[in-house]
Amino acid sequence: ETPWVLDAQDESERKRRVGLLFDLVKMAGELERAEKKMQEMQYSNGGWPWFPGLPENRFITQYIVVGMGHLERLGIKDIRENSVTWEMLRKAVIYTDIRMYEDYEWIKKHGILDKKNIGYIQAQYLYGRSYYLDIPVDDKYKEAFDYWKGQAQKYWLSNNKYMQGMIALALYRMYDAKTAKAIIKSIIENAVFNDEMGMYFKEEWGWWWYQAPIETQALLIEAVDEITKDQKSVDEMKIWLLKQKQVQDWKTTKATAEACYALLLRGSDWLADTKINNIKIGGEGVRFVHVHIGD
């Protein structure tokens with residue numbers, strides 16, 4: 001037995017279970033249960049832990065905030081129509097504002113405001129916050145918010161591609177299209193092009209969340225699609241993303257979710273292929289007939 005045989009068995013099992021996923025009633029129930037679980041796990045201060053009983057975690061809270069933004073952008077869920085869900089999300093956004101403010105106060109206290117202080121967690125904050133500009137930043141936190149936005153505008157070039165993409169989207173949605181477009185121009189200029197693999201980026205990949213290649217590619221697809229609407233580049237980047245799944249999968253649930261989001265964004269409809277395969281048996285072509293099954 002080789003690992004590939006076992007992988008194939010796993011893939012077959014997954015395919016057998018695909019039918020269950022298209023049971024709309026089951027899907028609606030799963031969504032409702034997932035939402036209820038999130039409501040139960042959220043702490044009173046608006047943050048979420050990794051697991052029940054642990055302290056709230058800033059990264060996972062911001063990740064959930066971004067994920068809900070993705071669902072809304074794709075038109076999968078209208079978060080604002082459900083008062084309970086909207087209140088849950090509003091509390092989470094305010095929680096991230098407070099953590100961002102605390103970062104600023106610490107830097108201010110230590111007299112290092114004029115240095116580069118923006119890191120991965122602050123870039124993720126700005127990106128997540130950009131989905132909910134209709135939730136106003138409290139006056140108490142406005143100075144801190146403007147500081148981090150200024151840091152993003154000033155230091156974007158010295159960050160990796162994942163951060164650059166998050167910063168570009170945040171600034172674009174916060175009405176700084178000039179900087180956002182400059183970031184995208186720089187990103188595309190540093191891309192690698194290949195006839196087979198499409199368009200991708202050479203980075204220092206690692207185990208940290210901000211060093212993940214699939215998530216980075218998905219984020220950059222969103223950025224290029226939204227900011228410059230460069231359809232050719234978006235399609236080239238999608239090719240690389242799909243090539244990573246050519247054998248089995250995208251390795252993690254997080255990477256899979258981000259990849260699906262990127263592929264479902266505006267652009268060429270890659271899910272609408274209606275071509276019929278050309279199959280020959282003994283030199284004779286096989287003729288396919290469409291049969292309509294009545295209700």
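**Note on salt bridges, helix packing and loop residues**

1. Lys-108 counts as partly exposed, at 40% relative accessibility; here buried means under 20% relative accessible area, exposed over 50%, and partly exposed in between (1.4 Å probe, protein chains only). Glu-143 is likewise placed in the partly exposed class, with a relative accessible area of 46%. The side chains of Lys-108 and Glu-143 form a salt bridge, with 3.3 Å from N to O; the term denotes a side-chain nitrogen of Lys or Arg within 4 Å of a carboxyl oxygen of Asp or Glu.

2. The model is a predicted one, in which local features need pLDDT of at least 70 and side-chain atom pairs count only at pLDDT 80 or more, whereas totals for chains, interfaces and linings use all residues. Residues are numbered from 1 along each chain as its sequence is written, and side-chain values use heavy atoms, with hydrogens and water left out.

3. Overall, the protein chain contains eleven helices and four strands, these being DSSP runs numbered from the N terminus (helices H or I, at least four residues; strands E, at least two). Of the 295 residues in the protein chain, 43% are buried. Among contacts with a separation of 6 or more, 66% are made by residues 24 or more positions apart; contact means heavy atoms within 4.5 Å.

4. The salt-bridge count is 16. One of these pairs is Arg-129 with Asp-97, at 2.9 Å from N to O. Arg-129 belongs to helix α5 (residues 120-129) and Asp-97 to helix α4 (residues 83-109), so the pair ties together parts that are 32 residues apart in sequence. Arg-129 is buried, at 2% relative accessibility, and Asp-97 is also buried, its relative accessible area being 2%.

5. A further salt bridge joins Glu-215 to Lys-254, with the closest N and O atoms 3.3 Å apart. This pair connects distant parts of the chain, 39 residues apart: Glu-215 lies in helix α9 (residues 213-227) and Lys-254 in helix α11 (residues 253-264). Glu-215 is buried, with a relative accessible area of 7%, and Lys-254 is buried at 18%. Separately, a network of salt bridges links Arg-73, Arg-173, Glu-222 and Glu-226.

6. Helix α3 (residues 58-73) packs on α4 at an angle of about 135°, with the axes 10 Å apart. Axes are lines fitted to C-alpha atoms, for helices over the stretch in contact, and angles run from 0 to 180 degrees between N-to-C directions. The angle makes α3 oblique to α4, as angles under 35 degrees count as roughly parallel, over 145 as roughly antiparallel, 65 to 115 as roughly perpendicular and the rest as oblique.

7. The residues in contact include Val-65 and Met-68 of α3, and Met-88, Leu-89 and Asp-103 of α4. The contact of α3 with α4 comprises eight nonpolar, four polar and three charged residues. In this scheme Ala, Val, Leu, Ile, Met, Phe, Trp, Tyr, Cys and Pro count as nonpolar, Asp, Glu, Lys and Arg as charged, and the others, Gly among them, as polar.

8. Tyr-175 has a phi near 70°, a positive value in a residue other than glycine; Tyr-175 sits in the loop between α7 (161-173) and α8 (177-189) and is exposed, at 76% relative accessible area. Lys-229, also not a glycine, has a positive phi of about 50°. Lys-229 is located in the loop between α9 and α10 (231-243) and is exposed, with a relative accessible area of 54%.
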